[in-house]
Amino acid sequence: MATTIIQPGEIEPPVRKAPWLRLPERETLFARREERCKALAKRHPLEKYLQFLARVARAQQDTLNGYEKVALPDADWLRLSRQHGMPPLAIQNWRRDASWHEALRMIIGMVRDAAEPATTDSLARLLAAGEPAFESMADGLLTGDYAGLDLAAAPLVGAALQVYWVHMATSLGREAFACSAAPTLCPVCASPPLTSIVRNGGGENGQRYLHCSLCASEWHMVRTKCSNCQSTKDIAYHGIEGDLGAVKAETCDECKIYLKIMFIDHDPNIEPTVDDLTTLPLDILMDQAGFIRNSFSFYLIPAEEMPV
Ligand SMILES: [Zn+2]
Ligand SMILES: [Zn+2]
């Protein structure tokens with residue numbers, strides 16, 4: 001394991017015209033994820049799962065492309081949210097539109113034939129249990145309360161929720177949102193970041209964004225600050241020796257949390273959700289070093305309940 005200690009002010013270039021918020025590109029978000037799954041699946045230990053997730057991402061893009069209008073926050077709610085720095089589509093209090101149930105059924109319908117037999121059984125049980133089961137799985141996934149979740153069906157529920165939230169975020173547009181009073185949470189939906197990503201090109205050169213685990217929005221945070229407790233002391237990067245250096249783990253000695261950080265200039269094809277899955281050895285190293293992950297991918301939920 002290679003470790004680098006980061007000093008405040010050492011690596012963060014000046015903010016020029018970098019946008020503080022990058023909403024997902026709805027026309028290409030899941031199509032890019034599909035391509036990345038396929039590209040990394042070959043000879044990877046998770047090959048079969050990545051091939052399945054390529055199908056899921058294709059189904060997500062198709063579902064998003066055909067998504068009908070849904071209920072959105074009204075002007076008063078958006079204004080109030082901006083004034084108080086509250087994410088207007090916060091997972092804790094946004095009343096989910098039943099349209100996501102239909103998105104879930106569509107995605108399951110499009111991928112069921114590619115699933116493992118155990119997953120097929122889980123999906124059949126979920127469909128038979130119907131909307132109360134969809135909602136209770138959504139509650140568990142969005143709050144990190146994984147106890148009792150059917151882990152085989154959960155990724156599909158997560159996939160449908162992602163489509164629903166991306167649809168809402170992109171329908172509202174960037175002007176609807178403001179910096180959150182809680183800068184470590186997504187300013188669109190209040191989810192924790194899945195990873196962070198260092199972007200290049202244009203005004204974004206070298207700027208670090210936190211990448212939302214649900215709606216795929218990205219918001220700016222300086223690189224020398226912990227994405228969990230905001231400490232600027234004892235932040236370090238850990239990587240796996242001999243790889244491209246495109247994905248590292250950023251650790252904080254204050255709170256003992258780690259978050260992966262991905263460098264576009266080392267690999268321009270990085271897709272946060274997929275590259276998070278394919279760098280599982282880094283999670284194992286961090287676990288062995290005593291650091292804790294505080295947000296999980298819908299596609300790799302730990303068998304035990306969330307530790308924090
Ligand atoms: Zn979000
Ligand atoms: Zn911290």
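Which glycine takes a positive phi just after H5? In this predicted model, the residue in question is glycine 130, with a phi of about 80°.

H5 spans residues 117-129, 13 residues in total. From its first C-alpha to its last, the helix reaches 19 Å, close to the 18 Å expected at 1.5 Å a residue. Four of its residues, Thr119, Ser122, Leu123 and Leu126, are buried. They share the same side of H5, because they cover an arc of only 100° around the axis. Pro117, Arg125 and Ala128, by contrast, are exposed on the other side of the helix. What do the buried residues of H5 pack against? Their partners are helix H4 (99-111), helix H6 (131-143) and helix H7 (154-172).

Arginine 96 forms one with glutamate 135, where the closest N and O atoms are 2.7 Å apart. This pair links distant parts of the chain, since arginine 96 sits in the loop between helix H3 (75-84) and H4, while glutamate 135 belongs to helix H6, 39 residues apart. Arginine 96 also meets the side chain of aspartate 139 in a salt bridge, at 2.6 Å from N to O. Aspartate 139 lies in helix H6 too, so this pair ties together parts that are 43 residues apart in sequence. Is arginine 96 buried or exposed? Its relative accessibility of 18% falls under the 20% limit, so arginine 96 counts as buried. Glutamate 135, at 23%, counts as partly exposed, and aspartate 139 is likewise partly exposed, with 40%.

Another salt bridge joins the side chains of arginine 199 and glutamate 218, at 2.7 Å from N to O. Arginine 199 lies in strand E3 and glutamate 218 in strand E5, so the pair connects parts 19 residues apart in sequence. Both ends are buried, arginine 199 with a relative accessible area of 15% and glutamate 218 with 2%. The structure holds 23 salt bridges, and Glu34, Lys38, Arg58 and Asp62 are linked in a network of them.

Finally, the view widens to the whole protein, which is divided into domain 1 (2-20 + 182-293) and domain 2 (30-176). Their centres, taken over C-alpha atoms, are separated by 23 Å. Contact involves 20 residues of domain 1 and 22 residues of domain 2. Between them the two domains bury about 1800 Å², with 63% of it on carbon and sulfur atoms. Three salt bridges are counted between the domains.

Note on methods. Residues are numbered from 1 along each chain as its sequence is written. Chains are lettered from A and ligands numbered from 1 in the order in which they are written. This is a predicted model: local features need pLDDT of at least 70, side-chain atom pairs count only at pLDDT 80 or more; totals for chains, interfaces and linings use all residues. Side-chain values use heavy atoms; hydrogens and water are left out. Helices (H or I, at least four residues) and strands (E, at least two) are DSSP runs, numbered from the N terminus. The expected span of a helix is 1.5 Å times one less than its number of residues. Buried means under 20% relative accessible area, exposed over 50%, partly exposed in between (1.4 Å probe, protein chains only). The arc is that of the directions from the helix axis to the C-beta atoms. Contact means heavy atoms within 4.5 Å. Domain bounds come from an automatic or database domain assignment. Buried area is the accessible area (1.4 Å probe) that two parts lose on being put together, summed over both. A salt bridge is a side-chain nitrogen of Lys or Arg within 4 Å of a carboxyl oxygen of Asp or Glu.
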